[in-house]
Amino acid sequence: MDSGSPPRLATGVPGLDDVLHGGLLSGRFYLVDGNPGAGKTTLALQFLLEGARAGERCLYVTLSETRDELVAGARSHGWSLDGIEIVELLDDDAELAGEHDVTMYHPSEVELTRTVRNVLEGVGRHRPGRVVFDSLSELRLLAQSSLRYRRQILALKQFFNGRRCTVLLLDDRTAEGPDLQLQSIAHGVISLDQYAPPYGRLVRRMQVVKDRGSGF
């Protein structure tokens, strides 16, 4: 490894660590994309569990699943999420009751601001070294325009870089076609795929599309 490069963090997935020559570069911003069911959450949990085993502070920010769903999913693999902080940013009962209705701004703009503020507050409160953000599809819907979405992602990248966080952003490919602008922002891109052959078991594939400043 280049002496000027940041240290590598094991992902908890031995095969992926072999491909990446030891793991992900510390303090970088990574995108993990794949269709629903491809294994994004499983990979993200392995990444955080590996950090927890190493004594690192780990944070899972979720806009798409509840804490109970994450705990149940981990339990199905025989894992415990003890030592991993979980911040839920799902719409609450007040949102469903219409208590956040506004007249001066579009509701999505208010909700985007509130969501991002809660993310920043959660990171500031827990001071993690490893962060998972699940998922970008909800943030994309709130942004509504590609310009606002890109600006928000760039702002998050700058925020995390200033705190030496290694971040996994999960995306379920709800955008039409590959999100190339998001791939251009991320330091690295890991793509997960699954397909059902005419016969036999379901096949899963992992591909490292990009790992900026590193051989793989």
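A residue is called buried under 20% relative accessible area, exposed over 50% and partly exposed in between, using a 1.4 Å probe and protein chains only. The model here is predicted: local features need pLDDT of at least 70, side-chain atom pairs count only at pLDDT 80 or more, and totals for chains, interfaces and linings use all residues. Residues are numbered from 1 along each chain as its sequence is written, and side-chain values use heavy atoms, with hydrogens and water left out.

**Aromatic rings**

Phe29 is buried, and Phe160 is buried too. Rings of Phe, Tyr and Trp (its six-membered ring) pair if their centres lie within 6.5 Å; planes under 30 degrees apart are stacked, over 60 edge-to-face, the rest tilted. The structure holds two such pairs.

| Pair | Type | Centre to centre | Angle between planes |
|---|---|---|---|
| Phe29 and Phe160 | tilted | 6.3 Å | 35 degrees |
| Phe159 and Phe160 | edge-to-face | 5.5 Å | 75 degrees |

Phe29 belongs to strand E3 (residues 29-34) and Phe160 to helix H7 (residues 146-161), so their pair ties together parts 131 residues apart in sequence. Helices (H or I, at least four residues) and strands (E, at least two) are DSSP runs, numbered from the N terminus. Phe159 is buried, like Phe160. Phe29, Phe159 and Phe160 make up one aromatic cluster.

**A charge over a ring**

Arg130 lies over the face of Phe47, 4.6 Å from the ring centre. The test asks for NZ of Lys or CZ of Arg within 6 Å of the ring centre and within 35 degrees of the ring normal.

**Cysteines**

There are zero disulfides (cysteine sulfur pairs within 2.5 Å). Cys58 counts as buried, at 3% relative accessibility. Cys165 is buried, with a relative accessible area of 1%.
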